[in-house]
Amino acid sequence: MDSFTLHTQTWHARLNALFERQRQHQYTVARTTARERKAKLRALHAALIRNRKAIRDAMWADFRKSPMETDVTEIAATTGEIRHALRHLSSWMAPRRVGVRLPLIGSTAWIHYEPKGVCLIVAPWNYPFNLSLIPLVSAVAAGNCAILKPSEHAPNSARVIKAIVGECFAEEEAAVIEGDVEVAQALLELPFDHIFFTGSPAVGKIVMAAAAKRLASVTLELGGKSPVVVDESADVDRAASRIAWMKGMNAGQICIAPDYVLAHESVHEALVERLEHYFKRYYGATPEARQQSPDYPRLIHDRHFSFIKGLLDDAVQRGATVRFGGRAVAEERYIEPTVLTRVPDGAAIWDAEIFGPLLPIRPYQTLPEAIGYINAHPKPLALYVFSQKRDHWQHVLNETRSGGACINECGLQFINPNLPFGGQNHSGIGRYHGEWGFQEFSHARAVARQHSPWPTTNLFLPPYRSAFVKQAVNALIRWL
Ligand code: NAD
């Protein structure tokens, strides 16, 4: 047996042992009270604040991401989710009494939210802390054990995530396993009760197929091409400021980033001009200044750089116009925020999720034309509409489908923990954040209790000969 095989067998055995320990421990965790779970969440909150510098340093090392953006999108987003859970967990956990219909009079019924058991959380690289730890908050709040696998493409962040979780949890309750695709596949072989996956639709299908083998439930938080509609009544300046913000943030490597813009032909040129204005304002007036901006990060790895550069080159070769940006520096994995117009159909940028700082803009003449374009593609994760006319944005909402939607702003639908966050079909299955996350990691167990000395069910015991029972059944069908 060579040393590689031996090594592989060793970590497989370790994974199995860890999983088995969590499986044994799950009922102890499930029995914890709201108070005990809150104490764990408070410990996680404190660890995030204690490790703020380590988190910022890791994000700089992985992405060259500004500390301010890390504070907001990684730390504050996660601590905010924890504080929301601390405020509401007791009521989420309380059994929910439900009514009983007249024929069941004498019984009571309620829903008991019980943990699913041992859960696997597989995270992507683009917001490594946020997208690993917020699902973990939901899993812990719901009383589960969990194994978390961060992405191998943000290794510095993965190390800090492991340290933070190690500071707060015993391994038999929550543990972090670092590793690549091979490790993810080994984890998918284990009989988890629930798999929470965030990543690409292609890998989402692999995860769902693996879960199907054991009929494990899944949450799939996937991606897709999120459109922006800017109609003729829109405040174009506001629209441009928000689109440029969400497209520049994390260099467009955001699942809910505007992927492409459908702009009414009467505002198309003004929008391009205002986008240029805001990209310059946010990141610098000259290409050199933008490249040096401490607020603009890099693409995560060389393969992703080549993919985005390939989309840009393909569009330009097919005749697209670069209206702003276009600079790409391979050694730094830098691609400037780039606005493209006149991109012909058939260009790869119209098919693939861009997940980077390229923004193609497409003019439209009528709203049904824009809606038709959106509906010709898989349901996106986010849909943005900039319009001052209620009947316009309402019409777009009514006639399209997406995971979430946001009007006259970008990203609000993600940051409000009272809203569910998730996709539909190609952009995902299931939802989380706040109570939605608690429920996603729980099984809603239906419980009914009979406490009548003369239960109505007596009437329906065989043999079915009584005329009275026949009348009762007739009444049941018609009125009760
Ligand atoms: P990815 O699917 O390549 O990887 C995600 C995770 O899956 C990683 O931990 C990786 O190790 C693991 N993985 C990769 N290949 C695997 C395989 N064959 N079998 C098992 N596991 C495997 O995604 P990514 O590149 O890290 O992230 C980008 C994608 O994620 C984009 O499509 C983006 O839209 C999506 N995303 C979605 C959300 C959301 O909340 N809906 C958030 C962020 C990113």
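Which residues is His84 in contact with, leaving aside its neighbours within four places in sequence? In this predicted model, His84 is in contact (heavy atoms within 4.5 Å) with Trp92, Pro417, Asn418 and Gly434. His84 lies in helix H4, residues 67–93, and counts as buried at 7% relative accessibility; buried denotes under 20% relative accessible area, exposed over 50%, and partly exposed the range in between, with a 1.4 Å probe and protein chains only.

The model is predicted, and local features need pLDDT of at least 70, side-chain atom pairs count only at pLDDT 80 or more, and totals for chains, interfaces and linings use all residues. Residues are numbered from 1 along each chain as its sequence is written, and side-chain values use heavy atoms, with hydrogens and water left out.

The secondary structure of the protein comprises 17 helices and 18 strands, defined as DSSP runs numbered from the N terminus (helices H or I, at least four residues; strands E, at least two). Along the principal axes, the C-alpha atoms fill a box of roughly 85 × 65 × 45 Å. Of the 480 residues, 53% count as buried. Among contacts with a separation of 6 or more, 73% are accounted for by residues 24 or more positions apart. The protein exposes about 21700 Å², of which carbon and sulfur atoms supply 56%; accessible areas come from the Shrake-Rupley method with a 1.4 Å probe, and for residues only the protein chains shown count as cover. There are 54 positive and 47 negative side chains, and the centres of the two sets lie 9 Å apart. In this count Lys and Arg are positive and Asp and Glu negative, while His and the chain ends are not counted; each charge is placed at NZ of Lys, CZ of Arg, CG of Asp or CD of Glu.

Helix H2 (residues 34–50) has 17 residues and reaches 24 Å from its first C-alpha to its last, close to the 24 Å expected, where the expected span is 1.5 Å times one less than the number of residues. The buried residues of H2 are Ala34, Arg37, Lys38, Lys40, Leu41, Leu44, His45, Ala47 and Leu48. Helix H12, with 16 residues, reaches 22 Å between its first and last C-alpha atoms, close to the expected 22 Å. Its buried positions are His304, Phe305, Ile308, Leu311, Leu312, Asp314 and Ala315. These buried residues of H12 pack against E10, strand E11 (328–329), strand E12 (334–335), E13 and strand E14 (358–364). Just after H12, Gly319 takes a positive phi of about 110°.

An α-helix has 3.6 residues a turn, so residues three or four places apart point the same way. Asp313 is partly exposed at 30% relative accessibility, as is Lys309 at 26%.

The structure holds 25 salt bridges. One of them joins Arg96 and Glu435, whose closest N and O atoms are 3.0 Å apart. This pair links distant parts of the chain, with Arg96 in strand E1 (residues 96–98) and Glu435 in helix H16 (residues 434–440), 339 residues apart. Arg96 is partly exposed at 26% relative accessibility, and Glu435 is partly exposed at 26%. Another salt bridge is formed by the side chains of Glu269 and Arg323 (2.8 Å, N to O). Because Glu269 lies in helix H10 (residues 268–283) and Arg323 in strand E10 (residues 321–324), the pair ties together parts that are 54 residues apart in sequence. Glu269 is partly exposed at 45% relative accessibility, and Arg323 is partly exposed with a relative accessible area of 31%.

Thr341 lies in strand E13 (residues 338–341) and is buried, with a relative accessible area of 2%.

Methods:
Salt bridge = Lys/Arg side-chain N within 4 Å of Asp/Glu carboxyl O.
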